[in-house]
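Here is a short report on side-chain contacts. It covers charged pairs first, then aromatic rings.

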Amino acid sequence: MSIRVRDLDAMHKFYEEVVGLEVLRREESFVFFKVAEGYRGHTQNLALFEASNTVFLDNKAVQLNSQATTLHHIALNVALEDFESEKMRLEGLGLKVDATVHEWLHVRSLYFPDPEGNLLEFVCYDASEG
């Protein structure tokens, strides 16, 4: 996953300190975080790129905007036993957290925004739901 951001420092801090992702590499105009072990040695990651740096988009995509993007939200798995403590931790940090149960999927979800308004979801499987 890759996101273009307006304030790289603030977003870096949020994804490292609030979301809890490990930094793989930080450069002047981007930061890569480890999300999970990958397939055949390629780590699953989240990359944040300075919005002003569009070189990587040249000849690959039209200018992205909220009307044209297909991004809905970013979902990250958490353990069921951590669900309530994560909710309390996020709320303690001043975030507005929407706790939701998706019975048909047998999951519980915590939805909250990052500093630039992207929607994140911490989701866990709960066999007792549904």
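## Charged pairs and ring contacts

Asp9 is exposed, with a relative accessible area of 52%. Here buried means under 20% relative accessible area, exposed over 50%, and partly exposed in between (1.4 Å probe, protein chains only). This is a predicted model: local features need pLDDT of at least 70, side-chain atom pairs count only at pLDDT 80 or more, and totals for chains, interfaces and linings use all residues. Residues are numbered from 1 along each chain as its sequence is written, and side-chain values use heavy atoms, with hydrogens and water left out.

Asp9 forms a salt bridge with Arg26. The term needs a side-chain nitrogen of Lys or Arg within 4 Å of a carboxyl oxygen of Asp or Glu. This pair links distant parts of the chain: Asp9 is in helix H1, Arg26 in strand S2 (residues 22-26), and 17 residues separate them. Helices (H or I, at least four residues) and strands (E, at least two) are DSSP runs, numbered from the N terminus. Arg26 is partly exposed, at 32% relative accessibility.

The structure holds 7 salt bridges. Three of them are listed here.

| Salt bridge | Closest N to O |
|---|---|
| Arg26 and Asp9 | 2.8 Å |
| Lys34 and Glu37 | 2.4 Å |

Lys34 is partly exposed at 22% relative accessibility, while Glu37 is exposed at 58%. Lys87 and Glu91 both sit in helix H2 (residues 83-92), 4 residues apart, about one turn of the helix. Glu91 is partly exposed, at 34%. Shared partners also join Arg108, Asp126 and Glu129 into one salt-bridge network.

Arg108 has a ring contact too. Its charged end sits over the ring of Phe83, 5.9 Å from the ring centre. That label requires NZ of Lys or CZ of Arg within 6 Å of the ring centre and within 35 degrees of the ring normal.

Now the rings. The whole structure has 7 aromatic pairs. Rings of Phe, Tyr and Trp (its six-membered ring) pair if their centres lie within 6.5 Å; planes under 30 degrees apart count as stacked, over 60 as edge-to-face and the rest as tilted. Phe14 and Phe112 make a tilted pair, 6.4 Å centre to centre with 50 degrees between the planes. Phe14 lies in helix H1 and Phe112 in strand S7 (residues 107-113), so the pair ties together parts 98 residues apart in sequence. Phe14 is buried at 7% relative accessibility, and Phe112 at 0%.

Phe112 also pairs with Phe122: the centres are 5.0 Å apart and the planes at 80 degrees, so this pair is edge-to-face. Phe122 is buried as well. Ring pairs link Phe14, Tyr15, Phe33, Phe112 and Phe122 into a cluster.
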